[in-house]
Amino acid sequence: MATIADIKSALENVKYPGFAKSIVDFGFVKDVQVEGSACIIALEITSSAPEVEENLRKDIHSSLAGVVENITLNIKKPEAPSQQSNSVSGKNIAPQIKNFVMVSSGKGGVGKSTTTVNLAVAAAMQGKRVGILDADIYGPNIPRMMGINGKEVEVIGNKARPFKAYGVDVMSMGSLMEEGQALIWRGAMIMKAIQQLLRDILWEDLDILFIDMPPGTGDAQLTLAQSVPVTCGINVTTPQHVALDDSRRSLDMFKKLHIPIGGIIENMSGFICPKCNEESDIFGMGTCNELAEQYNTQVLGHLPIEPAIRQGGDNGKPIVYFQPESQTAKRYMQSAQKLIAYIDNITGTVSNASIQPTTPPGVSACSSAGASSSSHNGGGCGCH
């Protein structure tokens with residue numbers, strides 16, 4: 001007669017669909033009971049996709065063949081999101097992507113890339129088809145964090161194929177240029193690079209493309225907003241008030257670009273000691289709550305400082321994937337759930353038509369010709 005240990009050992013061979021880790025490693029097996037030649041297995045998974053459940057049922061029965069005769073599977077999963085229209089007006093140079101999420105910050109060094117990586121992997125673990133576009137021209141760190149540093153880009157025709165890592169499609173400026181090379185680019189070059197990363201990459205049909213933006217509020221943000229209908233923006237900050245001052249500028253930019261605000265991530269919010277597991281507010285915690293209320297948005301999560309986050313980023317092993325039972329990984333998963341719910345609620349209502357240039361092609365809005373043309377419809381850049 002099979003024991004609980006025998007069954008759990010067999011379940012270690014069942015990979016979660018789309019990933020290299022087993023359902024046991026992910027902690028999805030919540031209970032195993034044995035009654036004679038029968039067993040009852042309770043699973044709690046993060047995907048609402050029916051094909052994920054179907055694949056798991058098939059693989060579990062296959063792995064337990066010869067171990068136990070009668071298998072009862074009780075699978076708990078999130079409710080499937082309601083289907084939404086995705087009709088938009090305005091420009092969209094990557095129409096195969098359903099939702100674009102701009103991950104931004106008012107300043108550098110607040111953990112924006114770390115947030116992008118772990119939110120994207122968390123969304124993929126919840127059954128979404130996800131991509132990451134590393135558009136941080138001056139500091140492209142995503143390749144190292146996703147374990148693709150130094151890998152050669154595959155070119156098909158005149159387009160590049162994204163890398164695949166942890167269930168996520170990935171492309172970065174860091175993979176397209178020589179390692180360590182400094183980019184000293186003017187605004188026009190940055191704008192062209194952003195458009196090429198959207199148009200000349202073989203992106204698949206994605207539910208969400210997370211876009212890791214350069215810090216600040218400049219040409220890259222405006223170009224993205226005018227190139228695709230950005231579903232929502234996320235602001236990444238730290239608890240210090242000097243960081244929140246910069247966050248206000250980032251959130252104000254979302255409003256001016258007519259980008260819905262999906263939420264705020266408060267990074268470095270508390271410190272979890274790796275020895276005693278106690279959490280201390282060394283930089284403060286919860287200071288962004290008032291800011292969220294001011295901009296009528298939500299706090300997606302308070303993410304602590306934890307050595308494993310840094311180690312995972314340096315080694316290309318995102319904490320949400322490799323340590324799913326950690327407090328930080330659980331908070332990333334919760335943040336991703338909040339974000340997905342917000343996206344499902346507003347999908348189909350986002351348009352970038354209102355910020356399209358009103359000047360003729362090739363004419364600057366700040367030129368005399370552009371000003372003359374725009375004056376007929378109340379447009380213009382506002383500098384005259």
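Biologist: Is Gln 126 buried or exposed in this predicted model?
Modeller: Gln 126 is found in the loop between α3 (112–125) and β5. Its relative accessible area is 8%. Buried means under 20%, so Gln 126 is buried.

Biologist: Which backbone oxygen does the side chain of Gln 126 reach?
Modeller: Leaving out residues up to four places away in sequence, Gln 126 touches Thr 46, Ser 47, Ser 48, Met 333, Ala 336, Gln 337 and Ile 340. With one of these residues the side chain of Gln 126 makes an approach of 3.2 Å to a backbone oxygen. That oxygen belongs to Met 333.

Biologist: Which strands does helix α12 lie across?
Modeller: Helix α12 covers residues 327–346. The helix runs at about 175° to β15. The strands it lies across are β4 (97–104), β10, β11 (232–237), β12 (261–266) and β15.

Biologist: Which are the edge strands of the open sheet of eight strands?
Modeller: The order of the strands is β8-β9-β5-β10-β4-β11-β12-β15, and the pairing is mixed. An edge strand pairs on one side only. The edge strands are therefore β8 and β15 (299–302).

Biologist: By what angle are neighbouring strands of this sheet turned against each other on average?
Modeller: The sheet is an open one, with eight strands. The average ignores strand direction. The angle is 25°.

Biologist: Which residue of β10 stands opposite Leu 133?
Modeller: Strands of a sheet pair through backbone hydrogen bonds, either parallel or antiparallel. Strand β5 (residues 130–134) and strand β10 (residues 206–212) pair in the parallel sense over five bridges. Opposite Leu 133 stands Ile 211.

Biologist: How many residues of β11 are buried?
Modeller: In a regular strand the side chains alternate between the two faces of the sheet. In β11, Cys 232, Ile 234 and Val 236 point one way, while Gly 233, Asn 235 and Thr 237 point the other way. Residues pointing either way are buried. The count for β11 is six of six.

Biologist: Which residue of β12 stands opposite Asn 235?
Modeller: Four bridges join β11 to β4, and these two strands run parallel; there, Val 101 stands opposite Cys 232. β11 also pairs with β12 in the parallel sense, over five bridges. The residue of β12 opposite Asn 235 is Ile 264.

Biologist: How far apart in sequence are the parts tied together by the pair of Tyr 166 and Tyr 321?
Modeller: This aromatic pair is tilted, with 4.9 Å centre to centre and 45° between the planes. Tyr 166 lies in the loop between β8 (163–165) and β9 (168–172), and Tyr 321 lies in helix α11 (residues 319–322). The pair therefore ties together parts that are apart in sequence by 155 residues.

Biologist: What kind of pair do the rings of Tyr 321 and Phe 322 form?
Modeller: The ring centres are 5.0 Å apart and the planes stand at 65°. Planes over 60 degrees apart count as edge-to-face. The pair is therefore edge-to-face.

Biologist: Is Phe 322 buried or exposed, or in between?
Modeller: Tyr 321 has a relative accessible area of 4%, so Tyr 321 is buried. For Phe 322 the value is 33%. Partly exposed is the class between buried, under 20%, and exposed, over 50%. Phe 322 is therefore partly exposed.

Biologist: Which residues do ring pairs link into a cluster?
Modeller: The structure holds seven aromatic pairs. Tyr 166 and Tyr 321 form one of them. The cluster consists of Tyr 16, Phe 26, Phe 28, Tyr 166, Tyr 321 and Phe 322.

Biologist: Which residue lies over the face of Tyr 321?
Modeller: Over the face of Phe 322 lies Lys 317, at 5.8 Å from the ring centre. For Tyr 321 the distance to the ring centre is 5.2 Å. The residue over the face of Tyr 321 is Lys 21.

Biologist: What distance separates the C-alpha atoms of Ala 20 and Gly 167?
Modeller: Ala 20 sits in the loop between α1 (4–11) and β1 (29–35), and is exposed, with a relative accessible area of 60%. Ala 20 and Gly 167 are 147 residues apart along the chain. Their C-alpha atoms are separated by 9.2 Å.

Key: Residues are numbered from 1 along each chain as its sequence is written. This is a predicted model: local features need pLDDT of at least 70, side-chain atom pairs count only at pLDDT 80 or more; totals for chains, interfaces and linings use all residues. Side-chain values use heavy atoms; hydrogens and water are left out. Rings of Phe, Tyr and Trp (its six-membered ring) pair if their centres lie within 6.5 Å; planes under 30 degrees apart count as stacked, over 60 as edge-to-face and the rest as tilted. Buried means under 20% relative accessible area, exposed over 50%, partly exposed in between (1.4 Å probe, protein chains only). A charge sits over a ring if NZ of Lys or CZ of Arg is within 6 Å of the ring centre and within 35 degrees of the ring normal. Axes are lines fitted to C-alpha atoms, for helices over the stretch in contact, and angles run from 0 to 180 degrees between N-to-C directions. Contact means heavy atoms within 4.5 Å. A polar contact is a pair of N or O atoms within 3.5 Å; within protein, one must be able to donate a hydrogen and the other to accept it, and residues adjacent in sequence count only if both atoms are side-chain atoms.
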